[in-house]
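The exercises below each set a task and then work through a solution step by step. Please keep the sequence and the model in view while reading.

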Amino acid sequence: MPPGEWSELLDWKRQVFALYARIRGNPDPADAWRDFKDTRDELFRDHPQSPVPDAERENVTLPYFDYDPDARVLAQTSPAEEAHYEIATSGDGTYGFTRLASATFDLAGGQQTLELYWLDGYGGGLFVPFRDATAGKETYGAGRYLLDTIKGADLGMQDGRIVFDFNFAYNPSCAYDPRWVCPLAPPPNRLTIPIRAGERYSSP
């Protein structure tokens with residue numbers, strides 16, 4: 001890592017962790033979502049660790065669906081038989097995760113389920129990628145991320161259930177520039193319903 005780059009990356013992580021702390025502490029989810037959008041635009045435009053290529057950063061405004069209060073749900077978690085997954089990435093390799101639970105919630109008129117994964121590396125962290133019926137048309141074809149606590153993306157718990165607010169769904173870094181390598185949504189987390197909430201996708 002070139003001199004100075006590690007401190008820039010550390011600053012990026014601090015700012016993202018601080019953003020999600022504000023989101024969890026804000027009693028108004030819609031107001032928290034506006035903070036989320038504004039802060040991400042600023043980071044992606046101005047921060048040296050932005051995943052957006054240098055030549056495209058000047059006028060960054062990330063596209064989103066309109067805020068939808070119905071896209072915020074509380075998911076009931078239940079233990080799942082532990083299974084090691086080598087989750088495919090946007091590159092040639094894989095990342096090791098362990099399935100530790102499943103989360104069930106009501107959305108779009110039916111019951112949906114996503115698996116919860118734990119990063120096998122040092123310290124671990126909860127990771128919830130997903131792909132829905134908008135992928136490849138309105139959203140990034142390989143799916144989006146809902147939670148990635150390794151990088152600070154943590155919406156918290158409420159009434160003993162995990163908060164899934166799809167208004168905060170976001171694209172992996174590889175959606176902006178193929179030099180980034182990102183784990184993708186595995187088959188169990190590919191939903192058949194369209195979720196028109198969160199970050200959209202316009203091809204670079």
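F36 is buried, with a relative accessible area of 0%, where buried means under 20% relative accessible area, exposed over 50% and partly exposed in between, for a 1.4 Å probe and protein chains only. The model is a predicted one, in which local features need pLDDT of at least 70 and side-chain atom pairs count only at pLDDT 80 or more, while totals for chains, interfaces and linings use all residues. Residues are numbered from 1 along each chain as its sequence is written, and side-chain values use heavy atoms, with hydrogens and water left out.

**Exercise 1. Describe how helix α1 and helix α2 are arranged, and which residues meet.**

Step one is to locate the elements: α1 covers residues 5-25 and α2 covers residues 29-46, helices being DSSP runs of H or I with at least four residues and strands runs of E with at least two, numbered from the N terminus.

Step two is to compare the axes, which are lines fitted to C-alpha atoms, for helices over the stretch in contact, with angles running from 0 to 180 degrees between N-to-C directions. The two axes come within 9 Å and cross at roughly 170 degrees. Angles under 35 degrees count as roughly parallel, over 145 as roughly antiparallel, 65 to 115 as roughly perpendicular and the rest as oblique, and α1 and α2 are therefore roughly antiparallel to each other.

Step three is to list the contacts, meaning heavy atoms within 4.5 Å. On the α1 side these involve W12, Q15, V16, L19, Y20, R22 and I23, and on the α2 side A32, D35, F36, T39, R40, L43 and F44. The residues of this contact divide into nine nonpolar, two polar and three charged, where Ala, Val, Leu, Ile, Met, Phe, Trp, Tyr, Cys and Pro count as nonpolar, Asp, Glu, Lys and Arg as charged, and the others, Gly among them, as polar.

**Exercise 2. Classify the ring pair of Y20 and F36, and state which parts of the chain it ties together.**

A pair of aromatic rings is described by the distance of the centres and the angle of the planes. Rings of Phe, Tyr and Trp (its six-membered ring) pair if their centres lie within 6.5 Å, and planes under 30 degrees apart count as stacked, over 60 as edge-to-face and the rest as tilted. By this rule the count comes to 15 aromatic pairs. The centres of the Y20 and F36 rings are 6.1 Å apart and their planes stand at 75 degrees, so the pair is edge-to-face. Because Y20 lies in helix α1 and F36 in helix α2, the pair ties together parts that are 16 residues apart in sequence. Y20 is buried, at a relative accessible area of 4%, and ring pairs link Y20, W33, F36, Y64, Y67 and F168 into a cluster.

**Exercise 3. Find where A108 and D159 lie, and state whether each is buried or exposed.**

Most residues other than glycine have a negative phi, and most peptide bonds are trans. A108, however, has a positive phi near 55 degrees; A108 is placed in the loop between β2 and β3 and counts as exposed at 59% relative accessibility. D159, which is not a glycine, has a positive phi of about 55 degrees; D159 is found in the loop between β6 and β7 and is exposed at 65% relative accessibility.
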